[in-house]
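Here are some exercises to work through with the model open on your screen. Try each task yourself before you read its solution.

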There are 6 protein chains.
Amino acid sequence: VKTQRHAESEQAAKILGAEIEFFDAGDYPLRVTEKMLDRLVDIYREVKPSFVLTHALNDPYNFDHPLAAHLAQEARIVAQAAGHKPDPARAYTAPPVFLFEPHQPEQCGFKPDVILNIDEVWETKRKAFEILAAQKHLWEYYTRVALNRGMQGGRNSGKAMTYGEAYQRLFPMVTEELQ
Amino acid sequence: VKTQRHAESEQAAKILGAEIEFFDAGDYPLRVTEKMLDRLVDIYREVKPSFVLTHALNDPYNFDHPLAAHLAQEARIVAQAAGHKPDPARAYTAPPVFLFEPHQPEQCGFKPDVILNIDEVWETKRKAFEILAAQKHLWEYYTRVALNRGMQGGRNSGKAMTYGEAYQRLFPMVTEELQ
Amino acid sequence: VKTQRHAESEQAAKILGAEIEFFDAGDYPLRVTEKMLDRLVDIYREVKPSFVLTHALNDPYNFDHPLAAHLAQEARIVAQAAGHKPDPARAYTAPPVFLFEPHQPEQCGFKPDVILNIDEVWETKRKAFEILAAQKHLWEYYTRVALNRGMQGGRNSGKAMTYGEAYQRLFPMVTEELQ
Amino acid sequence: VKTQRHAESEQAAKILGAEIEFFDAGDYPLRVTEKMLDRLVDIYREVKPSFVLTHALNDPYNFDHPLAAHLAQEARIVAQAAGHKPDPARAYTAPPVFLFEPHQPEQCGFKPDVILNIDEVWETKRKAFEILAAQKHLWEYYTRVALNRGMQGGRNSGKAMTYGEAYQRLFPMVTEELQ
Amino acid sequence: VKTQRHAESEQAAKILGAEIEFFDAGDYPLRVTEKMLDRLVDIYREVKPSFVLTHALNDPYNFDHPLAAHLAQEARIVAQAAGHKPDPARAYTAPPVFLFEPHQPEQCGFKPDVILNIDEVWETKRKAFEILAAQKHLWEYYTRVALNRGMQGGRNSGKAMTYGEAYQRLFPMVTEELQ
Amino acid sequence: VKTQRHAESEQAAKILGAEIEFFDAGDYPLRVTEKMLDRLVDIYREVKPSFVLTHALNDPYNFDHPLAAHLAQEARIVAQAAGHKPDPARAYTAPPVFLFEPHQPEQCGFKPDVILNIDEVWETKRKAFEILAAQKHLWEYYTRVALNRGMQGGRNSGKAMTYGEAYQRLFPMVTEELQ
């Protein structure tokens with residue numbers, strides 16, 4: 001199963017134009033090691049991402065999701081500690097964090113702060129999604145989610161859109177203009 | 001007192017480059033009439049504002065603030081009802097709503113979603129503020145608030161700023177790009 | 001518009017096998033009168049419903065919805081006050097209250113406590129829904145909601161179902177058996 | 001002390017007609033091992049319980065309670081992972097979870113969703129309770145809790161009852177009929 | 001009924017050593033008039049109470065309770081508005097507000113911040129309570145509440161006490177010493 | 001860096017008249033060992049503090065803070081377990097816990113329950129603070145926080161004060177008098 005999942009993930013990443021790195025932690029149960037944290041800190045510092053996407057903070061259906069979110073957050077913080085693997089030349093700013101929508105948002109305390117218009121990339125997303133053969137029953141589910149978030153996006157903005165994604169921000173947005 | 005407050009408010013508005021319209025409701029206690037709601041609906045439709053600034057939804061220290069926020073919200077909704085003073089030619093989209101920071105944010109359930117960098121307009125804001133002679137004891141208070149929100153803005157974005165304002169969004173932000 | 005809505009509502013009620021009574025309050029803005037409250041109290045006492053369905057308690061998009069929910073709740077309570085239109089022969093027990101799902105559940109603080117399997121009545125519901133010509137754009141929206149709630153129902157119960165409705169309970173369920 | 005507690009628990013279980021299995025973890029502080037999780041997963045799969053009773057999710061007075069609740073939840077999820085000790089013949093559905101009432105419910109964020117009428121089994125419960133000699137001061141406390149929950153149950157349902165237990169559901173109830 | 005309630009309340013007030021003033025508002029439904037607010041403002045200014053006791057802010061079982069709490073709060077605020085019936089000689093400071101425990105605390109969002117030891121006055125309270133003949137079924141209920149809050153008070157403080165009352169503070173406590 | 005921090009902390013403690021003991025855990029990431037918990041339990045039992053000051057329960061900017069708060073709480077509970085290092089002669093009562101104000105209170109779910117007037121000790125606090133050379137940019141920040149909490153304290157109590165500290169209580173206050 002694991003091998004197949006790896007292959008599928010790599011194929012999906014390719015469609016999305018993404019690089020992927022596996023940590024090879026088991027997920028039933030998922031347990032995080034100091035080595036994983038350390039590697040993720042390094043990745044933050046190397047990649048300097050513009051933003052981070054991770055799971056909701058709570059999810060009574062999936063114990064591995066909040067744990068992964070916790071790891072993503074802790075590594076983000078440790079990465080900006082000057083005292084961790086000190087290097088005066090390093091420039092790193094902790095990026096904004098966005099939580100993506102869980103399967104049952106209200107049970108996870110998920111509240112959308114942002115609706116992202118994904119009309120232009122929907123076809124690509126759907127193709128990547130269809131790689132995950134084991135989750136075929138979820139293809140239609142998440143297509144419906146995207147359509148409904150799209151309609152909500154239209155209602156909130158007054159500009160029609162078809163497909164949307166909902167995100168919760170973990171930190172306040174800093175801006176020079178209200179919009 | 002009322003006359004003086006009017007004059008001060010007009011002077012402050014002038015400094016800010018704002019137009020002002022008084023509803024002349026008493027505020028101890030503030031009571032909202034259907035006529036005020038109706039007038040505010042018309043203003044929304046005429047002005048078509050890009051966003052609305054109003055009070056926090058709860059404030060155990062100021063019963064008039066949440067009531068004003070409620071009026072601002074209800075008028076915003078009624079304004080988009082085709083059935084209210086129908087006019088097929090009308091184009092109106094309900095604007096985003098931002099709650100500004102109350103005096104004791106935690107007691108009002110206020111949680112900042114946005115920190116606005118106001119460095120460029122700080123001097124103007126302070127001048128407008130200093131018109132309000134009766135609230136002289138608050139000048140320094142709110143200057144400290146602005147400096148501390150500025151430091152928080154810097155911490156959240158990684159880009160230094162001096163003065164900030166905190167806002168809570170009432171509706172999800174709709175966007176084409178995560179940032 | 002009002003006449004057409006009346007006609008549609010009556011037609012939909014017929015399909016559902018429901019009786020309907022209009023209070024003829026305007027809805028932009030909706031205002032509740034003592035007479036409406038009084039009439040609703042009488043209806044509770046006459047009908048003695050097994051349960052009540054009403055709107056979510058908060059809805060920043062629809063000020064009339066929470067107000068209607070408030071009326072439904074207050075009338076339910078007044079109906080059991082012995083001192084209101086006293087009648088020693090009256091037997092009335094305040095029924096359970098269920099809030100149905102609003103358009104944007106997370107923005108309304110709506111959290112599902114119950115998922116109702118509606119597979120057997122789906123066709124009827126859809127037919128009733130299709131009467132509402134003005135809300136045609138919502139037909140597909142709510143069909144997707146029903147399909148997704150159905151999948152969630154299956155996930156929560158372990159028994160497959162296709163269409164579901166989500167409800168929030170206002171009061172604890174009293175039962176003789178945990179299930 | 002431990003020996004005595006074992007004996008008491010077994011005696012109480014006998015009165016209740018329950019089977020009991022000790023994990024022999026210390027509880028000041030309680031620490032959970034992978035072996036315990038693994039054993040609990042097996043128990044879920046063997047017993048296929050109709051529901052699970054566990055502690056509140058938070059309890060600032062008892063650090064072992066939320067930890068036990070976490071273990072109960074995580075094992076419930078792992079038990080349904082096909083990849084954990086794979087066995088194609090296995091049929092297992094994760095059961096509903098009910099949190100029972102902690103000593104100081106409001107401090108633990110406990111909110112009753114269900115009030116269970118326990119009139120018929122009260123005598124048995126009280127007998128089992130009285131086995132726990134060390135907690136004698138709590139016998140009357142929990143009897144009062146049961147009487148007050150009973151009165152609340154009566155108020156919520158309109159049907160008199162004497163003894164009640166309050167539970168919080170962790171997942172939505174899936175049903176074919178609103179009640 | 002009203003006459004009897006008046007007489008009982010006066011008798012209970014006498015036992016407690018309290019003065020009482022009736023506003024004679026109906027309570028099914030309770031409606032607040034400007035005159036009541038005005039009278040209550042005057043009372044605040046005359047009595048200058050050390051603290052205020054009122055109902056919980058929400059109560060889905062009793063619509064009159066939150067409304068009374070709202071009135072108590074609004075009058076408290078208006079009382080300190082210099083512009084309302086101006087009198088330069090007036091000295092008035094808005095007092096702390098404590099919410100007492102509702103019948104079903106968790107359903108009302110009630111969270112105890114304070115547990116008051118009432119051992120010394122319990123007998124008096126019980127006597128006052130027993131005047132309310134119509135609520136006889138509640139005597140034992142509230143005695144059990146007092147005993148359980150007493151045991152919680154003992155657990156929180158480490159000093160045994162028998163009877164307690166739970167309160168929620170509406171405003172932060174200002175103090176010169178942590179305790 | 002660590003050596004310097006130690007020296008500064010000792011110097012600051014001296015100014016405050018405090019004893020200090022270092023646990024020498026790293027803080028990027030902070031990890032708690034059973035030995036630390038055990039030592040902290042002993043300290044509770046030896047010192048029998050009147051109250052405990054610790055960090056907020058959540059802080060998305062500082063993963064070590066909530067972890068330290070968790071340790072402070074768990075040790076406080078274990079310290080009162082008779083079964084942990086039994087000693088019949090021991091007298092220990094778990095003390096009240098106060099959370100001090102984090103850098104961004106609203107992002108940490110921090111809600112002030114107590115405002116402490118620190119006018120008399122402000123000079124000493126500021127001197128201790130100025131020892132922390134690395135956090136020089138925070139001196140003015142926290143001075144502003146103290147001034148604003150002071151003004152809030154004045155507003156809540158009606159008695160002017162200049163410098164304040166805000167605390168959140170973790171447990172209800174037990175008292176013999178409402179104030």
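**Exercise 1.** Find the element of chain E that holds E:Tyr142, then work out how exposed the residue is and what it touches.

*Solution.* Step one: E:Tyr142 sits in helix α5 of chain E, residues 136-157. Helices here are DSSP runs of H or I with at least four residues, strands are runs of E with at least two, and both are numbered from the N terminus.
Step two: its relative accessibility is 23%, so E:Tyr142 counts as partly exposed. The cut-offs are under 20% relative accessible area for buried and over 50% for exposed, with partly exposed in between (1.4 Å probe, protein chains only).
Step three: leaving out residues up to four places away in sequence, E:Tyr142 touches E:Pro102, E:His103 and E:Phe129. A contact means heavy atoms within 4.5 Å.
Step four: for a distance check, E:His70 is 72 residues away along the chain, and its C-alpha atom is 24 Å from that of E:Tyr142.

Two notes on the ground rules before you go on. This is a predicted model, so local features need pLDDT of at least 70 and side-chain atom pairs count only at pLDDT 80 or more, while totals for chains, interfaces and linings use all residues. Residues are numbered from 1 along each chain as its sequence is written, chains are lettered from A and ligands numbered from 1 in the order in which they are written, and side-chain values use heavy atoms, with hydrogens and water left out.

**Exercise 2.** Describe the fold and overall dimensions of chain A.

*Solution.* Start by counting: chain A has 5 helices and 5 strands. Along the sequence they follow the pattern α-α-β-α-β-β-α-α-β-β. The radius of gyration is 18 Å, close to the 16 Å from the globule rule for 179 residues, so chain A is as compact as a globular protein of that length. (That radius is taken over C-alpha atoms, and the rule is 2.2 Å times the number of residues to the power 0.38.)
Next, the box: along the principal axes, the C-alpha atoms of chain A fill roughly 50 × 50 × 30 Å.
Now look inside: buried residues make up 49% of the 179 in chain A. Of the contacts between residues at least 6 apart in sequence, 64% join residues at least 24 apart.

**Exercise 3.** Work out how chains A, B and C are related.

*Solution.* Take B and A to begin with. The same surface serves both copies, as 100% of the contact residues of chain B recur in chain A.
Now C and B. Here the turn is 120°, with a shift of 0.0 Å along the axis and an RMSD of 0.0 Å. That is the relation of a three-fold axis. Of the residues of chain C, C:Asn58 comes closest to the rotation axis, at 7.9 Å (C-alpha).
For contrast, check a pair with no contact: the closest C-alpha atoms of chains A and E lie 18 Å apart.

**Exercise 4.** Which residues are in contact with B:Pro172, and is B:Pro172 buried or exposed?

*Solution.* Locate B:Pro172 in the loop between β4 (164-169) and β5 (173-175) of chain B. Its relative accessibility is 5%, so B:Pro172 counts as buried. Leaving aside neighbours within four places in sequence, the contacts of B:Pro172 include A:Pro112, A:Asp113, A:Val114 and A:Ile115, along with C:Tyr61 and C:Gln107.

**Exercise 5.** Where is D:His84, and which residues does D:His84 touch?

*Solution.* D:His84 lies in the loop between α3 (64-78) and β2 (97-100) of chain D. With a relative accessible area of 12%, D:His84 is buried. Not counting residues up to four places away in sequence, D:His84 touches A:Tyr28 from chain A, plus D:Asp38, D:Val41, D:Arg45, D:Val78 and D:Arg90.

**Exercise 6.** What is phi of B:Lys48, and where does the residue lie?

*Solution.* Phi of B:Lys48 is near 45°, a positive value in a residue other than glycine. Most residues other than glycine have a negative phi. B:Lys48 lies in the loop between α2 (34-47) and β1 (52-54) of chain B, and at 44% relative accessibility B:Lys48 counts as partly exposed.

Conventions
Least-squares fit on C-alpha atoms with pLDDT ≥ 70 in both.
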